[in-house]
Amino acid sequence: MSAVPQPTISVSFPSPSPTPTPTPTRKTPLRALSSSSSHSLTHFKEIHAQILRSNHIHSHSLILKLLLSSPSLSYSLSIFSHLPPQPLPSLSTPFLRHLSRTSKPEFAFFVYQRLRNDGIRIDRVAFPSLLKAAAKIGGLAEGKEIHGFGYKLGFHSDPFLQTGLIGMYLACGRLLEARLVFDKMSYRDVVSWSTIIDGYCQSGLFDDALELFEEMKSGGIEADKFIHSSILSACGRTGNLEYGKAIHDYIIEKDIVVDAHLRSALVTLYASCGCMDVAQQLYNQMTPRNMVISTAMISAYSRHGRVEDARLIFDQMVEKDLVSWSAMISGYAESDQPQEALRLFNELQVLGIRPDQVTMLSVISACAHLGVLDKAKWIHVYADKNGFGGALPINNALTDMYAKCGSLERARGVFEKMTRRNVISWTSMINAFAIHGDADNALSYFHKMKESHIQPNGVTFVGVLYACSHAGLVEEGRRIFASMINEHKIVPKHEHYGCMVDLFGRANLLKEALETVERMPLAPNVVIWGSLMAACQIHGGTELGEFAAKRLLDLEPDHEGALVLLSNIYAKEKKWQDVGELRQLMKERGVFKEKGCSRIELNNEVHEFLVADRNHKEADEIYEKLDEVISQLRLAGYAPNTRSVLVDLEEEDKKEVILWHSEKLALCYGLINGGKDSRIRIVKNLRVCEDCHTFIKLVSKVYRREIIVRDRTRFHHYRDGICSCKDYW
């Protein structure tokens, strides 16, 4: 056997002494042991001494009570090691069962070793306890010895031993060995089926678990609640709602009692498959509701974009652990509510709950989405101070966060300090250069990555192709795409073809973009048609843009972008009746054009602006500043470009509308309150329009300010009247 951690047994047994004269109040040893379940060790030793001094030492039932009642497992083991061989056969099996259920299951193997050393036959009933102990400590070597010894004694066909072996091998991560034992069983009861099915579920092999379940049913075995729970879990993880609903119907038909465990499995099934109303109905029937299922509901609601419902469950939870907090923070981070995620993280700190790496990754993601550099710096300091700075996933996330907060130099700083880098590290840095329009460095780091013997993956190539697309490097993009297939043997997915369509489309090679769509071996999806549609929108390919938009709507009838593009196409052609009909259709379907919103952080406070926003407390000063800026820019040759105002208005009204775009308001607020030498950083949720792009370029020149704007797809660094995108965006 492999060595099991040895307990230090330093108890010396009291020497027998003359029996004191009993007093009327003295309890017998059995009564003394039975009177309290929480003896102190000192008190227990006194009882032990009393037994030794009396004639009760030969009572097997009293010795067993002594072994099972000790407040110290080490002391129990010491007692057992000093017993003569005669009582051991009758005492060992219940003592082994007791030890296997304690916090020190490894002590069971001292008992086993004593029995082997003394040549005492071990009862077959003792084997499941020994296997349970091996399972609890992950003792594969110990379990294998018990396996071999049991078979040597002729217990190889004992179903209790075989089921114990299955559980032990599964607990030690040996699914294959468990299955071999299971397949050799001549009789399989519901417990053995439940054990092996749960083992496949725990190993993530859910389809295999479902196959086993079908095999079990064909053998005439009735599933119990544990098997139903495992199968429902497998259905939830594989998204097999139809199969899961059939199990639920069977449970109802057979009038099977739905306890808390089974109800939790049903809730998880429907939540995982997006049937949130059914999941909520079942959840409401649970009393009490445990943290695990409540957290599962929070995650499911968040995953399906219903973060308000997730928060309602979160607020109703009586107890919350770190996993619950992390799920809610992650829900906000992924639901375009980064400020709520950070606010919740602050609450977590006030409560004194220390975050783990999962929580920190969600917080970093929220900060990246918010795009506010000062917040990013604070999160970085917090991560370092709390011991997360050396973790590879954290550093990868920090690289991405700084890039999305507009600081390419800080992203690069984190990357260069990393002592270990994986494919995610390199991909994050390449993507950072790509979204900042630095295609040269994106390609340079791509080659350095390969020189470092890190194999690029599909995500890496998306970043490199994106960099080529936004820099107009058509031929380089062609070469990269070809090398992905021929050199790296990566089969292109929709996102890679989408990049190629975008590459050609941005370069106004609309014919090649369409040919790429027509020749690709995959059926074009929303991403592909969306890329072609966006290219037509930029370059005025009206007919092709309308075609792409309609193909996209065939796949997703309520797609906001396609409906808006069609509306814009009709508006450019002044087909106002078609525009009106389309917008009425959008209204009826509950589809609305996303409103432009810009954020700017000053003095640790984030300020948001919408188009023509007058809700800000300094609105009067902002519009006054805007008038001043417009006057200054007119002197530099600025004239509002109203081509992007696609509503039926008079020309002067169009000029007024375009001058009130959210990024212009945010910029003027930054000019009022930001230091003269400080950078102005703005985050825009939509693509910057042509007029705003020209406006901000001129502001950077006239006011001698560096301005960084993050729009929906990339960063624009404005300085001295020039943008880093070189007007190619």
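Q: What kind of model is it, and what cut-offs apply?
A: It's a predicted model: local features need pLDDT of at least 70, side-chain atom pairs count only at pLDDT 80 or more, and totals for chains, interfaces and linings use all residues. Residues are numbered from 1 along each chain as its sequence is written, and side-chain values use heavy atoms, with hydrogens and water left out.

Q: Strand 3 and strand 4, parallel or antiparallel?
A: Parallel: strand 3 (680-684) and strand 4 (707-710) are joined by four bridges. R681 has I708 in strand 4 as its bridge partner.

Q: And how does strand 4 connect to strand 5?
A: Four bridges again, but antiparallel, with I707 opposite Y718 in strand 5. The two strands form a hairpin with four residues between them.

Q: How many residues sit between strand 5 and strand 6?
A: Two, in another hairpin. That pair is antiparallel over two bridges, and R719 stands opposite I722 in strand 6.

Q: What about phi in that turn?
A: D720 in the turn has a positive phi of about 55°, although D720 is not a glycine. Most residues other than glycine have a negative phi. D720 counts as exposed because its relative accessibility is 54%; the cut-offs are over 50% for exposed, under 20% for buried and partly exposed in between, with a 1.4 Å probe and protein chains only.

Q: Where's D255, and what's its phi?
A: D255 is in the loop between helix 14 (241-253) and helix 15 (260-272). Its phi is near 55°, a positive value in a residue other than glycine, and D255 is exposed at 67% relative accessibility.

Q: Which peptide bond is cis?
A: The one from T287 to P288, with omega near -10°. P288 is in the loop between helix 16 (276-284) and helix 17 (291-303).

Q: Switching to packing: how many residues are in the largest nonpolar core?
A: 188, and those with the most contacts inside it include M168, I197, F213 and I231. A core here is a set of buried Ala, Val, Leu, Ile, Met, Phe, Trp, Tyr and Cys residues joined through side-chain atoms within 4.5 Å.

Q: Which helix gives the largest share?
A: Helix 33 (560-572), with eight residues of this core. There's also a second, separate core of 33 residues, including Y623, Y638, L659 and I682.

Q: What does I231 touch?
A: Leaving aside neighbours within four places in sequence, I231 is in contact (heavy atoms within 4.5 Å) with I197, A209, L210, F213, Y243 and I247.

Q: Is S229 buried or exposed?
A: Buried, with a relative accessible area of 6%. S229 is in helix 13 (225-238), and beyond neighbours within four places in sequence, S229 is in contact with H261, L262 and A265.

How values were computed: Two strands pair if DSSP finds at least two bridges between them.
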